[in-house]
Amino acid sequence: LPVPNRKAIEWTILLGLALNCKINLSSRFDRKNYFYPDLPKGYQISQYEKPFCHNGWLKIPNSKVQIPNKSEVQNTKYENIIHINRVHLEEDTAKLSHATTSDGDVSLIDFNRSGVPLVEIVTEPDFHNTESVKEYLKTIQRIVRYLGISDADMERGTMRCEPSISLSPDPKKLANYRVEIKNINSFKFAERAILFEIQRQTEMLERGVTPEQETRGWDENKNITVLQRSKENAEDYRYFPEPDIPPFFFKEEFVENLRKQLPELPAEKRARYVSEFGLNEYEAGILTDDVKAAKKFEEILTNTIKYYPILTNTNKKIQKEVAKLIINKKIDINSKTAAEDIFKLLQPVQSTVSDEEIENVIKKILAKNEKAVSDYKSGKTQVLGFLTGLLMRELKGKCDVVEVQKMILKMLL
(Lines give C-alpha, C1' and ligand atoms only; values in the text may rest on other atoms or scores of the structure.)
Protein backbone atom coordinates (compact mmCIF):
# COMPACT_ATOMS: atom_id res chain seq x y z
CA LEU A 1 0.00 0.00 0.00
CA PRO A 2 1.15 3.58 -0.57
CA VAL A 3 2.74 5.38 2.37
CA PRO A 4 2.72 9.22 2.69
CA ASN A 5 6.14 10.84 3.00
CA ARG A 6 6.02 13.11 6.08
CA LYS A 7 9.03 15.21 5.05
CA ALA A 8 7.58 15.73 1.56
CA ILE A 9 4.32 16.96 3.09
CA GLU A 10 6.16 19.34 5.44
CA TRP A 11 8.24 20.68 2.54
CA THR A 12 5.12 21.16 0.40
CA ILE A 13 3.48 23.24 3.15
CA LEU A 14 6.76 25.14 3.69
CA LEU A 15 6.82 25.99 -0.02
CA GLY A 16 3.18 27.05 0.17
CA LEU A 17 3.99 29.40 3.05
CA ALA A 18 6.90 30.86 1.05
CA LEU A 19 4.42 31.54 -1.76
CA ASN A 20 1.98 33.31 0.61
CA CYS A 21 -0.58 30.49 0.36
CA LYS A 22 -3.40 29.60 2.69
CA ILE A 23 -2.92 26.17 4.27
CA ASN A 24 -5.76 23.66 4.43
CA LEU A 25 -5.89 22.27 7.96
CA SER A 26 -7.87 19.32 6.60
CA SER A 27 -6.51 17.77 3.43
CA ARG A 28 -6.39 14.48 1.58
CA PHE A 29 -5.01 12.62 -1.41
CA ASP A 30 -7.20 11.76 -4.39
CA ARG A 31 -6.95 9.12 -7.06
CA LYS A 32 -6.62 10.50 -10.61
CA ASN A 33 -7.63 7.83 -13.11
CA TYR A 34 -6.06 7.62 -16.56
CA PHE A 35 -3.96 5.19 -18.54
CA TYR A 36 -0.76 6.22 -20.27
CA PRO A 37 2.50 4.28 -20.82
CA ASP A 38 4.26 6.26 -18.05
CA LEU A 39 1.48 5.28 -15.57
CA PRO A 40 0.71 1.61 -16.23
CA LYS A 41 -1.28 0.99 -13.02
CA GLY A 42 -3.97 3.22 -14.50
CA TYR A 43 -4.14 5.90 -11.80
CA GLN A 44 -2.00 8.51 -10.05
CA ILE A 45 -2.17 9.48 -6.38
CA SER A 46 -2.60 13.26 -6.43
CA GLN A 47 -4.67 16.01 -4.78
CA TYR A 48 -7.80 17.57 -6.23
CA GLU A 49 -10.44 19.02 -3.92
CA LYS A 50 -8.29 19.66 -0.84
CA PRO A 51 -4.66 20.47 -1.73
CA PHE A 52 -2.27 21.24 1.10
CA CYS A 53 -1.88 24.89 -0.05
CA HIS A 54 -4.05 27.29 -2.06
CA ASN A 55 -4.67 30.96 -2.93
CA GLY A 56 -1.13 32.31 -2.85
CA TRP A 57 0.81 34.95 -4.76
CA LEU A 58 4.31 35.72 -5.87
CA LYS A 59 5.96 38.90 -7.02
CA ILE A 60 8.25 38.68 -10.06
CA PRO A 61 11.54 40.63 -9.63
CA ASN A 62 12.37 43.84 -11.45
CA SER A 63 8.85 45.13 -11.01
CA LYS A 64 8.15 48.69 -9.88
CA VAL A 65 4.80 47.61 -8.46
CA GLN A 66 4.71 47.35 -4.67
CA ILE A 67 3.47 44.12 -3.09
CA PRO A 68 -0.13 44.75 -1.92
CA ASN A 69 -1.37 43.31 1.32
CA LYS A 70 -2.79 39.82 1.27
CA SER A 71 -6.45 40.85 1.52
CA GLU A 72 -6.11 43.10 -1.53
CA VAL A 73 -4.29 40.48 -3.55
CA GLN A 74 -7.17 38.02 -3.32
CA ASN A 75 -9.53 40.32 -5.20
CA THR A 76 -7.35 42.45 -7.45
CA LYS A 77 -5.02 41.74 -10.36
CA TYR A 78 -1.65 43.48 -10.21
CA GLU A 79 0.96 43.65 -12.95
CA ASN A 80 3.89 41.33 -12.14
CA ILE A 81 1.99 39.63 -9.35
CA ILE A 82 1.50 35.96 -10.19
CA HIS A 83 -1.43 34.38 -8.38
CA ILE A 84 -0.92 30.82 -7.15
CA ASN A 85 -4.00 28.66 -7.50
CA ARG A 86 -2.64 25.73 -5.51
CA VAL A 87 0.45 23.87 -4.32
CA HIS A 88 -0.24 20.17 -4.05
CA LEU A 89 1.66 16.91 -3.63
CA GLU A 90 1.41 13.88 -5.89
CA GLU A 91 3.44 10.89 -7.02
CA ASP A 92 5.71 11.31 -10.01
CA THR A 93 5.21 9.16 -13.08
CA ALA A 94 7.75 7.20 -15.10
CA LYS A 95 9.83 8.97 -17.76
CA LEU A 96 9.22 8.38 -21.47
CA SER A 97 12.11 8.73 -23.92
CA HIS A 98 11.58 8.69 -27.66
CA ALA A 99 14.40 8.01 -30.11
CA THR A 100 15.13 6.96 -33.64
CA THR A 101 17.49 4.00 -33.98
CA SER A 102 18.71 1.76 -36.77
CA ASP A 103 15.72 -0.43 -35.99
CA GLY A 104 13.31 2.48 -36.33
CA ASP A 105 11.48 4.73 -33.85
CA VAL A 106 11.46 3.44 -30.28
CA SER A 107 9.94 4.58 -26.97
CA LEU A 108 11.58 3.65 -23.67
CA ILE A 109 10.11 3.91 -20.17
CA ASP A 110 12.29 4.67 -17.12
CA PHE A 111 10.46 3.79 -13.88
CA ASN A 112 13.18 4.97 -11.48
CA ARG A 113 11.38 8.17 -10.49
CA SER A 114 7.90 6.61 -10.48
CA GLY A 115 6.21 7.07 -7.10
CA VAL A 116 8.69 9.71 -5.90
CA PRO A 117 7.00 12.72 -4.18
CA LEU A 118 6.41 15.53 -6.66
CA VAL A 119 5.16 18.99 -5.70
CA GLU A 120 3.13 20.84 -8.31
CA ILE A 121 2.60 24.60 -8.31
CA VAL A 122 -0.40 25.71 -10.35
CA THR A 123 -0.74 29.39 -11.25
CA GLU A 124 -3.61 31.49 -12.50
CA PRO A 125 -3.36 32.67 -16.16
CA ASP A 126 -1.39 35.81 -15.30
CA PHE A 127 1.30 35.50 -17.99
CA HIS A 128 1.15 37.45 -21.24
CA ASN A 129 4.70 37.07 -22.56
CA THR A 130 7.65 34.69 -22.36
CA GLU A 131 9.76 37.15 -20.33
CA SER A 132 7.36 36.95 -17.39
CA VAL A 133 7.33 33.15 -17.65
CA LYS A 134 11.14 32.99 -17.43
CA GLU A 135 11.22 35.42 -14.50
CA TYR A 136 8.60 33.35 -12.70
CA LEU A 137 10.47 30.07 -13.27
CA LYS A 138 13.75 31.56 -12.07
CA THR A 139 12.04 33.01 -9.00
CA ILE A 140 10.48 29.65 -8.12
CA GLN A 141 13.84 27.95 -8.60
CA ARG A 142 15.57 30.41 -6.25
CA ILE A 143 12.89 30.04 -3.56
CA VAL A 144 13.01 26.23 -3.69
CA ARG A 145 16.81 26.27 -3.39
CA TYR A 146 16.72 28.78 -0.50
CA LEU A 147 14.26 26.47 1.28
CA GLY A 148 16.62 23.55 0.68
CA ILE A 149 13.81 21.23 -0.43
CA SER A 150 15.21 20.44 -3.90
CA ASP A 151 18.11 21.37 -6.15
CA ALA A 152 15.45 22.34 -8.75
CA ASP A 153 17.78 21.49 -11.61
CA MET A 154 15.78 21.62 -14.84
CA GLU A 155 18.43 19.81 -16.89
CA ARG A 156 18.40 16.89 -14.43
CA GLY A 157 14.62 16.79 -14.36
CA THR A 158 14.21 17.79 -10.71
CA MET A 159 12.24 20.84 -11.86
CA ARG A 160 9.95 20.79 -14.87
CA CYS A 161 7.65 23.31 -16.47
CA GLU A 162 4.31 22.54 -18.11
CA PRO A 163 2.86 25.75 -19.61
CA SER A 164 -0.72 25.91 -20.86
CA ILE A 165 -1.23 28.27 -23.80
CA SER A 166 -4.37 29.70 -25.35
CA LEU A 167 -4.99 32.87 -27.35
CA SER A 168 -7.78 35.33 -26.75
CA PRO A 169 -8.41 38.82 -28.21
CA ASP A 170 -9.53 39.93 -24.73
CA PRO A 171 -6.73 39.66 -22.09
CA LYS A 172 -9.37 39.50 -19.36
CA LYS A 173 -11.23 36.57 -20.94
CA LEU A 174 -9.83 33.09 -21.45
CA ALA A 175 -10.28 31.20 -24.70
CA ASN A 176 -12.50 28.09 -24.68
CA TYR A 177 -9.50 25.79 -25.16
CA ARG A 178 -5.99 25.35 -23.85
CA VAL A 179 -2.95 23.43 -25.02
CA GLU A 180 -0.59 22.04 -22.37
CA ILE A 181 3.08 21.35 -23.15
CA LYS A 182 4.47 18.62 -20.92
CA ASN A 183 7.79 18.20 -19.11
CA ILE A 184 9.94 21.05 -20.42
CA ASN A 185 13.37 20.88 -18.80
CA SER A 186 15.04 24.24 -19.50
CA PHE A 187 14.22 27.94 -19.43
CA LYS A 188 15.30 28.23 -23.06
CA PHE A 189 13.07 25.37 -24.23
CA ALA A 190 10.13 26.81 -22.28
CA GLU A 191 10.50 30.10 -24.14
CA ARG A 192 10.89 28.42 -27.53
CA ALA A 193 7.95 26.07 -26.97
CA ILE A 194 5.62 28.89 -25.94
CA LEU A 195 6.65 31.06 -28.92
CA PHE A 196 6.17 28.14 -31.32
CA GLU A 197 2.77 27.35 -29.85
CA ILE A 198 1.66 30.98 -30.09
CA GLN A 199 2.63 31.01 -33.77
CA ARG A 200 0.92 27.66 -34.44
CA GLN A 201 -2.31 28.68 -32.73
CA THR A 202 -2.30 32.13 -34.38
CA GLU A 203 -2.08 30.57 -37.84
CA MET A 204 -4.95 28.19 -37.02
CA LEU A 205 -7.17 30.96 -35.67
CA GLU A 206 -6.49 33.10 -38.73
CA ARG A 207 -7.78 30.21 -40.85
CA GLY A 208 -10.92 30.10 -38.71
CA VAL A 209 -9.87 26.86 -36.97
CA THR A 210 -10.07 26.58 -33.17
CA PRO A 211 -7.11 24.61 -31.75
CA GLU A 212 -7.97 21.32 -30.08
CA GLN A 213 -7.70 20.97 -26.31
CA GLU A 214 -4.70 18.69 -26.16
CA THR A 215 -1.41 17.77 -24.51
CA ARG A 216 1.74 18.26 -26.57
CA GLY A 217 5.44 17.60 -26.07
CA TRP A 218 8.47 19.67 -27.06
CA ASP A 219 10.84 18.24 -29.67
CA GLU A 220 14.10 20.05 -28.93
CA ASN A 221 15.75 18.68 -32.06
CA LYS A 222 13.09 19.96 -34.46
CA ASN A 223 12.08 22.96 -32.31
CA ILE A 224 8.39 22.12 -32.59
CA THR A 225 5.61 20.88 -30.32
CA VAL A 226 4.16 17.44 -31.10
CA LEU A 227 0.80 15.93 -30.21
CA GLN A 228 0.82 13.45 -27.32
CA ARG A 229 -2.85 12.99 -26.44
CA SER A 230 -6.18 14.78 -26.32
CA LYS A 231 -6.41 16.88 -23.18
CA GLU A 232 -8.77 15.48 -20.57
CA ASN A 233 -11.03 17.57 -18.36
CA ALA A 234 -11.32 17.05 -14.61
CA GLU A 235 -14.42 14.86 -15.00
CA ASP A 236 -12.52 12.58 -17.38
CA TYR A 237 -10.08 11.72 -14.61
CA ARG A 238 -12.93 10.49 -12.36
CA TYR A 239 -11.27 11.79 -9.17
CA PHE A 240 -12.26 10.18 -5.90
CA PRO A 241 -10.63 10.12 -2.42
CA GLU A 242 -7.59 7.83 -2.31
CA PRO A 243 -8.89 4.83 -0.34
CA ASP A 244 -5.47 3.60 0.83
CA ILE A 245 -4.40 6.84 2.57
CA PRO A 246 -6.47 8.39 5.40
CA PRO A 247 -7.21 12.15 5.31
CA PHE A 248 -4.96 14.66 7.12
CA PHE A 249 -5.91 17.01 9.94
CA PHE A 250 -3.31 19.60 10.93
CA LYS A 251 -3.21 21.87 13.96
CA GLU A 252 -2.45 25.57 13.61
CA GLU A 253 0.58 24.97 15.83
CA PHE A 254 2.00 22.53 13.25
CA VAL A 255 1.69 25.12 10.47
CA GLU A 256 3.14 27.91 12.60
CA ASN A 257 6.14 25.76 13.53
CA LEU A 258 6.79 25.28 9.83
CA ARG A 259 6.39 29.02 9.24
CA LYS A 260 9.15 29.64 11.80
CA GLN A 261 11.46 27.49 9.69
CA LEU A 262 11.20 29.84 6.71
CA PRO A 263 14.64 31.31 5.96
CA GLU A 264 15.28 34.80 4.64
CA LEU A 265 13.96 34.40 1.11
CA PRO A 266 15.62 35.86 -2.03
CA ALA A 267 13.39 38.95 -2.30
CA GLU A 268 13.86 39.76 1.39
CA LYS A 269 17.63 39.24 1.20
CA ARG A 270 17.86 41.38 -1.94
CA ALA A 271 15.94 44.22 -0.26
CA ARG A 272 18.19 43.97 2.82
CA TYR A 273 21.35 44.15 0.74
CA VAL A 274 20.04 47.32 -0.91
CA SER A 275 19.05 49.04 2.34
CA GLU A 276 21.83 47.74 4.60
CA PHE A 277 24.81 47.60 2.25
CA GLY A 278 23.92 50.43 -0.12
CA LEU A 279 23.92 48.20 -3.20
CA ASN A 280 21.71 48.80 -6.21
CA GLU A 281 19.09 46.26 -7.32
CA TYR A 282 21.38 44.76 -9.97
CA GLU A 283 24.28 44.23 -7.55
CA ALA A 284 22.01 42.79 -4.86
CA GLY A 285 20.45 40.52 -7.48
CA ILE A 286 23.83 39.06 -8.45
CA LEU A 287 24.72 38.26 -4.83
CA THR A 288 21.33 36.72 -3.97
CA ASP A 289 20.69 34.82 -7.20
CA ASP A 290 22.51 31.73 -5.88
CA VAL A 291 21.82 30.72 -2.27
CA LYS A 292 25.30 29.20 -1.90
CA ALA A 293 26.94 32.38 -3.20
CA ALA A 294 24.85 34.51 -0.85
CA LYS A 295 25.86 32.38 2.15
CA LYS A 296 29.49 32.54 1.10
CA PHE A 297 29.33 36.32 0.69
CA GLU A 298 27.87 36.79 4.17
CA GLU A 299 30.43 34.40 5.65
CA ILE A 300 33.31 36.30 4.01
CA LEU A 301 31.82 39.61 5.10
CA THR A 302 31.54 38.41 8.71
CA ASN A 303 35.07 37.03 8.70
CA THR A 304 36.52 40.19 7.16
CA ILE A 305 35.03 42.41 9.85
CA LYS A 306 35.54 39.89 12.68
CA TYR A 307 39.13 39.06 11.89
CA TYR A 308 40.18 42.56 10.86
CA PRO A 309 38.37 44.99 13.16
CA ILE A 310 40.61 47.84 11.99
CA LEU A 311 38.52 48.00 8.83
CA THR A 312 35.41 49.04 10.75
CA ASN A 313 37.28 52.09 12.01
CA THR A 314 38.73 53.13 8.65
CA ASN A 315 35.89 52.26 6.29
CA LYS A 316 32.24 52.48 7.36
CA LYS A 317 31.11 51.14 3.98
CA ILE A 318 33.04 47.89 4.28
CA GLN A 319 29.99 45.80 3.30
CA LYS A 320 29.56 47.63 0.02
CA GLU A 321 33.25 47.46 -0.78
CA VAL A 322 33.40 43.72 -0.12
CA ALA A 323 30.31 43.22 -2.30
CA LYS A 324 31.86 45.23 -5.13
CA LEU A 325 35.07 43.17 -5.01
CA ILE A 326 33.09 39.96 -5.31
CA ILE A 327 30.72 41.25 -8.01
CA ASN A 328 33.63 42.52 -10.10
CA LYS A 329 35.39 39.16 -9.60
CA LYS A 330 38.41 40.74 -7.94
CA ILE A 331 38.12 38.03 -5.29
CA ASP A 332 37.50 34.31 -5.67
CA ILE A 333 34.50 33.78 -3.40
CA ASN A 334 35.39 30.09 -2.95
CA SER A 335 38.99 30.79 -1.92
CA LYS A 336 39.97 29.82 1.63
CA THR A 337 41.91 33.08 1.86
CA ALA A 338 39.08 35.30 0.56
CA ALA A 339 38.89 37.37 3.76
CA GLU A 340 42.66 37.90 3.77
CA ASP A 341 42.64 38.82 0.07
CA ILE A 342 39.89 41.36 0.69
CA PHE A 343 41.78 42.84 3.61
CA LYS A 344 44.88 43.37 1.47
CA LEU A 345 42.85 45.12 -1.22
CA LEU A 346 40.94 47.35 1.18
CA GLN A 347 43.78 48.14 3.54
CA PRO A 348 46.97 48.62 1.49
CA VAL A 349 50.25 48.58 3.39
CA GLN A 350 51.45 52.17 3.80
CA SER A 351 54.51 51.42 5.93
CA THR A 352 56.13 48.34 7.36
CA VAL A 353 57.40 47.21 10.70
CA SER A 354 60.30 44.91 11.47
CA ASP A 355 59.93 41.18 12.06
CA GLU A 356 61.29 41.65 15.57
CA GLU A 357 58.57 44.16 16.42
CA ILE A 358 55.91 41.84 14.98
CA GLU A 359 57.21 38.90 17.02
CA ASN A 360 57.11 40.96 20.22
CA VAL A 361 53.49 41.92 19.58
CA ILE A 362 52.57 38.30 18.80
CA LYS A 363 54.11 37.17 22.12
CA LYS A 364 52.03 39.74 24.02
CA ILE A 365 48.83 38.72 22.21
CA LEU A 366 49.40 35.02 22.81
CA ALA A 367 50.15 35.66 26.48
CA LYS A 368 46.90 37.62 26.92
CA ASN A 369 44.79 35.05 25.02
CA GLU A 370 45.73 31.72 26.54
CA LYS A 371 42.29 30.24 25.84
CA ALA A 372 42.57 31.04 22.14
CA VAL A 373 45.99 29.39 22.07
CA SER A 374 44.59 26.34 23.85
CA ASP A 375 41.61 26.19 21.46
CA TYR A 376 43.92 26.30 18.46
CA LYS A 377 46.08 23.48 19.78
CA SER A 378 42.95 21.40 20.42
CA GLY A 379 41.95 21.70 16.75
CA LYS A 380 39.86 24.90 16.60
CA THR A 381 41.90 26.44 13.79
CA GLN A 382 39.38 29.25 13.19
CA VAL A 383 40.85 31.17 16.14
CA LEU A 384 43.81 31.96 13.88
CA GLY A 385 41.68 34.62 12.24
CA PHE A 386 40.81 36.08 15.64
CA LEU A 387 44.48 36.30 16.64
CA THR A 388 45.39 37.77 13.25
CA GLY A 389 42.74 40.43 13.68
CA LEU A 390 44.12 41.42 17.09
CA LEU A 391 47.61 41.67 15.62
CA MET A 392 46.49 43.76 12.63
CA ARG A 393 44.67 46.13 14.96
CA GLU A 394 47.73 46.47 17.20
CA LEU A 395 50.00 47.19 14.20
CA LYS A 396 47.35 49.38 12.50
CA GLY A 397 47.51 47.32 9.33
CA LYS A 398 51.17 48.13 8.64
CA CYS A 399 52.14 44.60 7.67
CA ASP A 400 51.28 41.81 5.26
CA VAL A 401 48.42 39.73 6.62
CA VAL A 402 49.60 36.48 5.00
CA GLU A 403 53.13 36.84 6.34
CA VAL A 404 52.03 37.65 9.88
CA GLN A 405 49.73 34.62 9.89
CA LYS A 406 52.74 32.47 9.06
CA MET A 407 54.61 34.03 11.99
CA ILE A 408 51.69 33.41 14.36
CA LEU A 409 51.48 29.79 13.22
CA LYS A 410 55.18 29.30 13.78
CA MET A 411 54.93 30.64 17.31
CA LEU A 412 51.83 28.56 18.08
CA LEU A 413 53.53 25.29 17.20
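Is Asn183 buried, partly exposed or exposed? At 35% relative accessibility, Asn183 counts as partly exposed. The model is a predicted one, and every value in this report is computed from it.

**Two asparagines with positive phi**

Asn183 lies in the loop between β11 (179–182) and α4 (187–206). Its phi is near 50 degrees, a positive value in a residue other than glycine. Asn223 also has a positive phi, of about 60 degrees, although it is not a glycine. The loop that holds Asn223 runs between β12 (214–219) and β13 (224–230). With a relative accessible area of 34%, Asn223 is partly exposed.

**Overall make-up**

The protein has 15 helices and 15 strands. Of its 413 residues, 43% are buried. Among contacts with a separation of 6 or more, 65% are between residues 24 or more positions apart.

**Salt bridges**

The count of salt bridges comes to 28.

| Salt bridge | Closest N and O atoms |
|---|---|
| Glu10 and Arg6 | 3.0 Å |
| Arg272 and Glu264 | 2.7 Å |
| Lys371 and Asp375 | 3.0 Å |

Glu10 and Arg6 both belong to helix α1 (residues 6–18), and because they are four residues apart there, about one helical turn separates them. The two partners sit in unlike surroundings. Glu10 is buried, at 13% relative accessibility, whereas Arg6 is exposed, at 59%.

Arg272 has 22% relative accessibility and counts as partly exposed. Glu264 counts as partly exposed too, at 26%.

Lys371 and Asp375 are found in helix α13 (residues 370–377); they are four residues apart, so about one helical turn lies between them. Lys371 is exposed, with 59% relative accessibility, while Asp375 is buried, with 15%. Elsewhere, salt bridges that share partners join Glu264, Lys269, Arg272, Glu276 and Glu298 into one network.

**A buried lysine without a salt bridge**

Which side chain of opposite charge is nearest to Lys32, and how far away is it? That side chain is Glu90, at 5.4 Å. Lys32 is buried yet has no salt bridge, because a salt bridge requires a side-chain nitrogen of Lys or Arg within 4 Å of a carboxyl oxygen of Asp or Glu. Lys32 is placed in strand β3 (residues 30–33). Setting aside neighbours within four places in sequence, Lys32 is in contact with Gly42, Tyr43, Gln44, Tyr237 and Tyr239.

Ile23 is part of strand β1 (residues 22–23). At 15% relative accessibility, Ile23 counts as buried, because the cut-off for buried is under 20% relative accessible area. Which residues does Ile23 touch, not counting those up to four places away in sequence? They are Ile13, Leu17, Phe52, Cys53 and Val255. For one of these, Ile13, the separation from Ile23 is 10 residues in sequence and 7.1 Å in space, C-alpha to C-alpha.

**A negative patch on the surface**

Which residues gather in a patch of negative charge on the surface? The patch is formed by Asp355, Glu356, Glu357 and Glu359. Glu357 is located in helix α12 (residues 355–368). Its relative accessibility is 39%, so Glu357 counts as partly exposed.

Note on methods: Residues are numbered from 1 along each chain as its sequence is written. This is a predicted model: local features need pLDDT of at least 70, side-chain atom pairs count only at pLDDT 80 or more; totals for chains, interfaces and linings use all residues. Side-chain values use heavy atoms; hydrogens and water are left out. Buried means under 20% relative accessible area, exposed over 50%, partly exposed in between (1.4 Å probe, protein chains only). Contact means heavy atoms within 4.5 Å. Patches are made of residues with over 30% relative accessible area and no salt bridge: like charges are joined within 9 Å, nonpolar side chains (Val, Leu, Ile, Met, Phe, Trp, Tyr) within 5 Å. Accessible areas come from the Shrake-Rupley method with a 1.4 Å probe; for residues, only the protein chains shown count as cover. Lys and Arg count as positive and Asp and Glu as negative; His and the chain ends are not counted. The place of a charge is taken as NZ of Lys, CZ of Arg, CG of Asp or CD of Glu.
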